[in-house]
Amino acid sequence: MSNSTVPRSRAEAKTSEAAPGAAGDPAGERPEKKHSGKVSLRLRLRRDRTLILMTLPAVALVLVFNYIPILGNVVAFQEYDPYVSDNGFIAMLESPWVGFEQFQRVFADSAFWDAVQNTLVLFILQLVLFFPVPILLALLINSVIRPRIRAVSQAILYLPHFFSWVLVITVFQQIFGGAGIIAQTLRQRGYEGFDLMTDPGIFKFLVTAEGVWKDAGWGIIVFLAALASVSPDLYEASAMDGAGRWRRMWHVTLPALRPVIALLLVLRVGDALTVGFEQILLQRDAVGPGAAEVLDTYVWWNGVRNQDFGYAAAAGLIKGLVSVALVLAANKVAHFMGEQGVYKK
């Protein structure tokens, strides 16, 4: 009798717990189910407190170095004088307001438009000559069968990314400069030497070549990660259908890379007006400002060297607004092509 009672009481207990509208829950809902499965903000903060604490230093760095300095753009509408006060914030409050006078000076300056032209030419060259190189190198490395050779090749190509621009320019100077290896070898054989590092006509191609040598390996990592996500079944199915290596690359590999290419292209367009401040500043005196002056060096020269802070802030603000507009336009083009871009529709 006791053996039949125990199973029966357990079954009744399970039934009473699972049945809706039980005595302890008149509404037939448990407390955690009353909000359609949504977790409250307090519970989420408690659940993710470790991750939140880990991200707080990064958030603080972004606020201090990216967002708080945006307030300094107010000097673009002032005749800013940093010597009014030892406190930069007080100096901004006490500097006289001039409205859009600084912007009028920027648009009336022919040197500004020369810098814009040089910047756009450099961007187009880097987009055409530099952007496809990591894609081609990633496809080439991905086609290597032996893992050891693939790893060594990737390490060799990625190593220059860790070099500073001073070292990169020094290497190019020792190779292509007037006293470089190539020029000295030509002179020893009776030919006339050359100095590519001081030639304004090829300076933009030289800058692009330096960027390719230094940063192409960084882009390879992104594209190789995208290629690693491609299912081998797709290659096997296309091979069984008679597709050769080039057909598989065109119909399988490149479509897999297209979302990543679209995203990086949008980001690259957003950096159209930022073509390498340190790299160009180090070579500006060798070729002259007519060939090497870009928007970043133009802002630095007027703001830091000439201490015309309001004028430089106006030029920098114009550059930032145009860059944001380019990102939004490029992202719209990515949406039109069926890609996600930086953000979804």
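Biologist: As what does Phe 309 count, buried or partly exposed?
Modeller: This is a predicted model, so the answer rests on computed values. The relative accessibility of Phe 309 is 28%. Buried would require under 20% and exposed over 50%, so Phe 309 counts as partly exposed.

Biologist: How many aromatic pairs does a search of the whole structure find?
Modeller: Two rings pair if their centres lie within 6.5 Å. With the whole structure searched, the number of aromatic pairs is 16.

Biologist: What kind of aromatic pair do Tyr 80 and Phe 309 form?
Modeller: Their ring centres are 6.0 Å apart, with 85° between the planes. Planes over 60 degrees apart meet the cut-off for this kind, so the aromatic pair of Tyr 80 and Phe 309 is edge-to-face.

Biologist: How many residues apart in sequence are the parts that this pair ties together?
Modeller: Tyr 80 lies in the loop between helix 3 (49–67) and helix 4 (88–94). Phe 309 belongs to helix 17 (residues 309–336). The pair therefore ties together parts whose separation in sequence, in residues, is 229.

Biologist: As what does Tyr 80 count, buried or exposed?
Modeller: The relative accessibility of Tyr 80 is 17%. The cut-off is under 20%, so Tyr 80 counts as buried.

Biologist: What is the pair formed by the rings of Tyr 158 and Trp 218, stacked or edge-to-face?
Modeller: The ring centres of Tyr 158 and Trp 218 are 6.2 Å apart, and the planes lie at 20°. Planes under 30 degrees apart meet the cut-off, so this pair is stacked.

Biologist: In which helices do Tyr 158 and Trp 218 lie?
Modeller: The pair ties together parts that are 60 residues apart in sequence. Tyr 158 is in residues 147–158 and Trp 218 in residues 203–228, so the two elements are helix 8 and helix 11.

Biologist: Where do the axes of helix 7 and helix 8 come, and at roughly what angle do they cross?
Modeller: Helix 7 covers residues 132–142, and its axis comes within 10 Å of that of helix 8. The crossing angle is roughly 160°.

Biologist: What are helix 7 and helix 8 to each other, roughly parallel or roughly antiparallel?
Modeller: Angles over 145 degrees belong to one class. The axes cross at roughly 160°. Helix 7 and helix 8 are therefore roughly antiparallel.

Biologist: Which residues of helix 8 make the contact?
Modeller: From helix 7, the contact uses Leu 137, Ile 141 and Asn 142. The contact residues of the two helices divide into 3 nonpolar, 2 polar and 1 charged. On the helix 8 side they are Arg 150, Gln 154 and Leu 157.

Biologist: What does the cover of the buried residues of helix 16 include?
Modeller: Helix 16 (residues 295–305) has Leu 295, Asp 296, Thr 297, Tyr 298, Asn 302 and Gly 303 buried. Tyr 298 also belongs to an aromatic cluster with Phe 107, Phe 112, Trp 113 and Tyr 311. The cover of the buried residues includes helix 6 (110–130), helix 14 (277–287), helix 15 (289–292) and helix 17.

Biologist: What is the relative accessible area of Asn 118?
Modeller: Asn 118 is found in helix 6. Residues that it touches include Lys 204, Pro 289 and Val 294. Asn 118 is buried, with a relative accessible area of 8%.

Definitions and conventions. Residues are numbered from 1 along each chain as its sequence is written. This is a predicted model: local features need pLDDT of at least 70, side-chain atom pairs count only at pLDDT 80 or more; totals for chains, interfaces and linings use all residues. Side-chain values use heavy atoms; hydrogens and water are left out. Helices (H or I, at least four residues) and strands (E, at least two) are DSSP runs, numbered from the N terminus. Buried means under 20% relative accessible area, exposed over 50%, partly exposed in between (1.4 Å probe, protein chains only). Axes are lines fitted to C-alpha atoms, for helices over the stretch in contact, and angles run from 0 to 180 degrees between N-to-C directions. Angles under 35 degrees count as roughly parallel, over 145 as roughly antiparallel, 65 to 115 as roughly perpendicular and the rest as oblique. Contact means heavy atoms within 4.5 Å. Ala, Val, Leu, Ile, Met, Phe, Trp, Tyr, Cys and Pro count as nonpolar, Asp, Glu, Lys and Arg as charged, and the others, Gly among them, as polar. Lists of a residue's contacts leave out its neighbours within four places in sequence.
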